[in-house]
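Hello,

Here is the structure I promised to pass on to you. Please open it alongside this note, and take your time with it.

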Amino acid sequence: MTQKLLTPIKVGHLTLPNRLVMAPLTRARAGRSHVPHALMAEYYSQRASAGLIMTECTMVAGDASAFIGEGGIFSDDTVAGWKLVTDAVHAKGGRIIMQIWHPGRAAHSGINDVQPISSAAVAIPDETHTLKGKLPYEVPRVLREDEMPGIVELFRKAAERAKAAGFDGVQIHGAHGYLIDQFLRDSHNTRTDSYGGTLEKRARLLLEVTDAAISVFGADGVSIRISPIVPFNNMSDSNPKALVEYVAKQMSARKIAFFELRHDQWDRPEELELAKIAREHFKGVLMLNGGFDQASGEAAVAEGRADAIVYGKLFIANPDLVERFAVHGPLNALDFKTLYGGDGHGYTDYPALETAEA
């Protein structure tokens, strides 16, 4: 019987050989320079059999770090570093796009030497790792309305640099309580100007950034990710159904390459409802992400609830996940201790299936 996950699909200007997509996964191996290097090129190229690879969230500005060692796309050096990655992936026949991102209030002056920015002056009620140790998140500086074009321009320039680095497209990170999401969801956006209040105003930054990326790559090289009920970074929204419907309609009108809906857990009733709304109102390629295994991912595609499935932890531990799914092979266990930072251990040394079985 045909495994739908292993069938080709056209996504924007790309034809993917399968519907297993590698999620943006923060691994924090770029160091304080935020410049990608040969080890990162090896990591991504090991996973080139994925239908599509999305990079870890990538800084659009040099003072926009939340994880100390994430990759950046804000300078000639970072472009050159990512060119190592795209060349390595393309040499193995793979396809790779960059997720461009600003952390907003999830940044910290203990990393960047500047006060973080956001839509409102409310800190995340938690602590974060900084160069000075673990510290509480700070109250962010509220962005003025006249500063917003500059934020959009950061993303446009990031898209230009991503194109120069050889990426096949970009994804706008509008999820997980980072800057764009801090405007999008109403638990944090309490503004009364043209970037706050109504859903249309709260979504303005996401739409302007999307349009800026489209001006660089064309609509068929741009995608977005949103996470309407994922509570990470103390986020929520009073009407996630309306949020998904509005964003889906706006992105469908723009004919972007794909829409990624990031679930907290895909089979929760409220998440299933959001996926139905996205499917109804976004007429392009819909990707779902959030706790899928092979069987549930196969079912979602076979039943038409999604066009492709985005896998995270499974791709970390199984660089040859596509090949393993093809033969229903065993999966490597994930080493949670090596997820963030460090060297090649737990990064590039997960064995391929033939090695694991030898």
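First, some ground rules. This is a predicted model, in which local features need pLDDT of at least 70, side-chain atom pairs count only at pLDDT 80 or more, and totals for chains, interfaces and linings use all residues. Residues are numbered from 1 along each chain as its sequence is written, and side-chain values use heavy atoms, with hydrogens and water left out.

**Helix pairs**

Helices (H or I, at least four residues) and strands (E, at least two) are DSSP runs, numbered from the N terminus. Axes are lines fitted to C-alpha atoms, for helices over the stretch in contact, and angles run from 0 to 180 degrees between N-to-C directions.

Start with helix α1 (residues 38-46) and helix α2 (residues 76-91), whose axes come within 8 Å and cross at roughly 30°. That makes α1 roughly parallel to α2 (angles under 35 degrees count as roughly parallel, over 145 as roughly antiparallel, 65 to 115 as roughly perpendicular and the rest as oblique). From α1, the residues A38, M40, A41, Y44 and S45 make the contact with W82, L84, V85, A88 and V89 of α2; contact means heavy atoms within 4.5 Å. These residues divide into nine nonpolar, one polar and no charged. For the classes, Ala, Val, Leu, Ile, Met, Phe, Trp, Tyr, Cys and Pro count as nonpolar, Asp, Glu, Lys and Arg as charged, and the others, Gly among them, as polar.

Next come helix α8 (residues 240-254) and helix α9 (residues 269-281), which pack at an angle of about 25° with their axes 8 Å apart. They are therefore roughly parallel to each other. P240, K241, V244, E245, A248, K249 and S252 of α8 touch E273, L274, I277, A278 and H281 of α9. By class, this contact has six nonpolar, two polar and four charged residues.

Helix α4 (residues 148-164) and helix α7 (residues 204-217) pack at about 35°, with axes 9 Å apart. The residues of their contact divide into 12 nonpolar, one polar and four charged. On the α4 side they include F155 and R156, and on the α7 side L205 and E208.

**Pockets and a cavity**

Rolling a probe the size of a water molecule over the atoms shows where empty space is left. On a 1 Å grid over the protein atoms alone, a cavity is a set of points where a 1.4 Å probe fits but cannot get out, and a pocket is an open set with protein on both sides within 12 Å along at least five of seven lines; lining residues have an atom within 4 Å of a point. Grid points are joined across faces, edges and corners, and a volume is the space filled by probe spheres set on the points.

The largest pocket has a volume of about 1300 Å³. Among its 45 lining residues, T26, H176, F232, R262 and Y340 are the closest to its centre. Helix α11 gives the largest share of the lining, four residues. By class, the lining has 25 nonpolar, 13 polar and seven charged residues.

The second largest pocket holds about 210 Å³ of space. It is lined by 16 residues, with D63, H102, Q115, I117 and R141 closest to its centre. Eight of the lining residues are nonpolar, five polar and three charged.

Finally, there is one cavity of 30 Å³ or more, and the volume of the largest cavity is about 70 Å³. Of its 14 lining residues, L14, I97, D220, A257 and F258 lie nearest its centre. The lining divides into eight nonpolar, four polar and two charged residues.

Best wishes
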